[in-house]
Every structure is written in structure tokens, then in C-alpha cells.
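Me: I want to go through the terms used for this chain and check each one against its cut-off. Please start once the model is shown.

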Amino acid sequence: MKVNILILPFYPEFLLNKTGREMEEKFYCKYCGSETKRVYLPVDSDWGVEYLYVCLNDECGYFQRGWDWMWNNYHVHASYRFMVNPFTGYQGPYPVTKENDIKNAYVAK
Ligand SMILES: [Zn+2]
């Protein structure tokens with residue numbers, strides 16, 4: 001590990017390009033099959049990571065069923081999107097509301 005840190009300044013562009021390609025992870029929603037998008041989190045988020053991969057497909061059955069489920073169980077207008085934490089491999093729901101849909105912010109360009 002120490003060696004990697006030491007050689008980093010000598011070819012930063014090469015490293016950036018290399019990691020840019022190799023770090024391009026792809027995750028697919030297990031409900032609708034859509035490619036998930038990298039979504040950057042607010043710095044004060046509880047997730048403890050910089051970003052997650054989230055299914056942003058509004059037609060996703062998981063997301064669509066979530067509205068009814070949350071309303072029937074909790075009487076709130078909320079749902080969840082399928083998300084993957086690429087750092088831990090954890091897959092689960094990312095809670096959203098109409099007003100605070102993760103789609104409206106933080107999505108990687
Ligand atoms: Zn989906």
C-alpha cells in the first residue's frame with residue numbers, strides 16, 4: 001500500500017484514466033433490470049459512503065408498488081428505489097418521497 005501512495009504523484013493522469021475506466025461499476029436493478037445510476041449523497045447523509053447506485057426507473061415495479069405499500073402500512077406518501085452500496089455490496093431499499101426523490105439531486109453526470 002505504501003508503494004502505491006508513493007508512486008501516485010508521478011503519473012496522476014494515467015492513474016485517473018485507469019481508475020476512471022476500471023472503477024466504472026455497473027449494477028442492475030434486480031426488479032426491473034435497469035442499469036442503476038451512481039447517485040452522490042449529501043455530505044451529512046447517514047449512509048457513510050460518497051455514493052450509491054440507485055434504480056431511477058420510474059416504471060420499476062419495486063418503486064411503483066412501494067407507494068401503495070408505504071401508504072397502506074404507514075399512511076405516508078413515500079416509496080423506495082432499489083439501491084446498491086458498491087462499497088459493501090449491500091442491496092436494499094433507498095427511501096424516497098415525492099418531495100424528496102433522490103432523482104432530483106446528486107445524480108452523477
Ligand atoms: Zn428498478
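Reply: Two strands pair if DSSP finds at least two bridges between them. Strands are DSSP runs of E of at least two residues and helices are runs of H or I of at least four, both numbered from the N terminus. The model is predicted, so local features need pLDDT of at least 70 and side-chain atom pairs count only at pLDDT 80 or more, while totals for chains, interfaces and linings use all residues. Residues are numbered from 1 along each chain as its sequence is written.

Me: What makes β3 and β4 a pair?

Reply: DSSP must find at least two bridges, and β3 and β4 have seven, in the antiparallel sense. They therefore count as paired. One of the bridges joins R81 to Y94 in β4.

Me: Which elements does the chain have, and in what order?

Reply: There are three helices and four strands, running α-α-β-β-α-β-β from the N terminus. The four strands form an open sheet in the order β1-β2-β3-β4, with antiparallel pairing.

Me: Why are β1 and β4 called edge strands?

Reply: β1 (37-40) and β4 each pair on one side only. Neighbouring strands of the sheet are turned by 50 degrees against each other on average, direction ignored; the axes are lines fitted to C-alpha atoms, for helices over the stretch in contact, and angles run from 0 to 180 degrees between N-to-C directions.

Me: What makes a set of residues a nonpolar core?

Reply: Its members are buried Ala, Val, Leu, Ile, Met, Phe, Trp, Tyr and Cys residues joined through C-beta atoms within 7 Å. The largest such core here has 14 residues, and L52, Y53, V54, C55, M83, V84 and Y94 touch the most other members. Two or more residues come from each of β2 (51-54), β3 (78-84) and β4 (91-97); β3 gives the most, with four.

Me: Which residues does V84 touch?

Reply: Contact means C-beta atoms, placed from the backbone, within 7 Å. Leaving out residues up to four places away in sequence, V84 touches F27, T36, L52, Y53 and Q91.

Conventions
A residue is buried if 20 or more other C-beta atoms lie within 10 Å of its own, exposed if 12 or fewer, and partly exposed in between; C-beta atoms are placed from the backbone. Two residues are in contact if their C-beta atoms, placed from the backbone, lie within 7 Å.
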